[in-house]
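Please look through the sequence and the model below before reading on. The paragraphs that follow move from one chain as a whole to a single residue, and then to the place where two chains meet.

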Amino acid sequence: MNCKRYLALLNEFVECTLPQDVQDDIRAHMETCPRCRVFYRTYSLTITLSRRAETTCCISEDQIDRLCCLLTSRLCKK
Amino acid sequence: MSKGTRVTKDTELVRRIKQGDGTAMEEIVKRYSNKVYSLAFHITHNTSAAEEIMQDVFLTVVAKVGTLENDAYFATWLYRVTTNAAYGFLRKEKKYTEQTPMEDIDHDQIQGFDWSELPDDVLLSDESKNIIRRAIDALPESMRTIVIMKDVEGLKNEEIAEALGLSLPAVKSRLHRGRLMLRDTLSVYFSRYANRRDA
């Protein structure tokens, strides 16, 4: 494992979708490479911050009810 | 959208909608309206547009659900219609232009500052949230949609691939590149705290 290959596989490493031996290789590489360790931490945190940066939004029950009425009437006309 | 029973229920509801069942339509709306609205809002950042898109998406369901050949793909079809409508809105408003993807990030350019150790009040400040939102907005559309669907909306890679008509490797690749670009932006932004700490 070198830094370039590590970087290419980081996405799958974070999602734990790599074969176990590759996951282990990456962990071993991070043990010996401080820059890749930092990269992993900041990459993971980027994902977390992306999730938190965007506001949770939802529509009201009234809007859902109005939409249902509209759609039901359209469905009946078909 | 978990697999298993939910898929079966969606399939059943879609089958009933095709037969004109209003109750099934209501159930689908209750199940997916917030997801559709949220995705549209995170792409457009416009509440009125998101509401309009949501309505249009479900009207499209009524009009075109009969053309859906495999009912099991209803949810991903819904997401595809939503993203198309949201980007259609942005293009109409001329608020969106495809940008040239950044060059591949060179590992030699990786900055050594570990900003993951910054305190939460810095990482989660309104300013840093704005930086992230702007960075997501600035991503090329091919990456931006996937980052929003995955990291903001929490969809699975497989669902995104189906919704956007992409291969799974293509989704993973674009997601990775998008995240790398976001990380790069954040590294530049947070580097100011490295300088302060060194001072």
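Among contacts in chain B between residues at least 6 apart in sequence, 68% join residues at least 24 apart, where two residues are in contact if their C-beta atoms, placed from the backbone, lie within 7 Å. This is a predicted model, in which local features need pLDDT of at least 70 and side-chain atom pairs count only at pLDDT 80 or more, while totals for chains, interfaces and linings use all residues. Residues are numbered from 1 along each chain as its sequence is written, and chains are lettered from A and ligands numbered from 1 in the order in which they are written.

Chain B has nine helices and zero strands, these being DSSP runs numbered from the N terminus (helices: H or I, at least four residues; strands: E, at least two). Of its 199 residues, 38% count as buried, meaning that 20 or more other C-beta atoms, placed from the backbone, lie within 10 Å of the residue's own.

Helix α9 of chain B holds B:Val171, which is buried because 23 other C-beta atoms lie within 10 Å. Leaving aside neighbours within four places in sequence, B:Val171 is in contact with B:Ile146, B:Asn157, B:Ile160, B:Ala161 and B:Leu166.

Where the chains meet, the contact takes 40 residues from chain B and 33 residues from chain A. On the side of chain B that touches chain A, α2 (22-44), α3 (47-64), α6 (126-138), α7 (141-152) and α9 (168-198) each supply at least two residues, and the largest share, 11 residues, comes from α2(B).

Definitions and conventions
A residue is buried if 20 or more other C-beta atoms lie within 10 Å of its own, exposed if 12 or fewer, and partly exposed in between; C-beta atoms are placed from the backbone.
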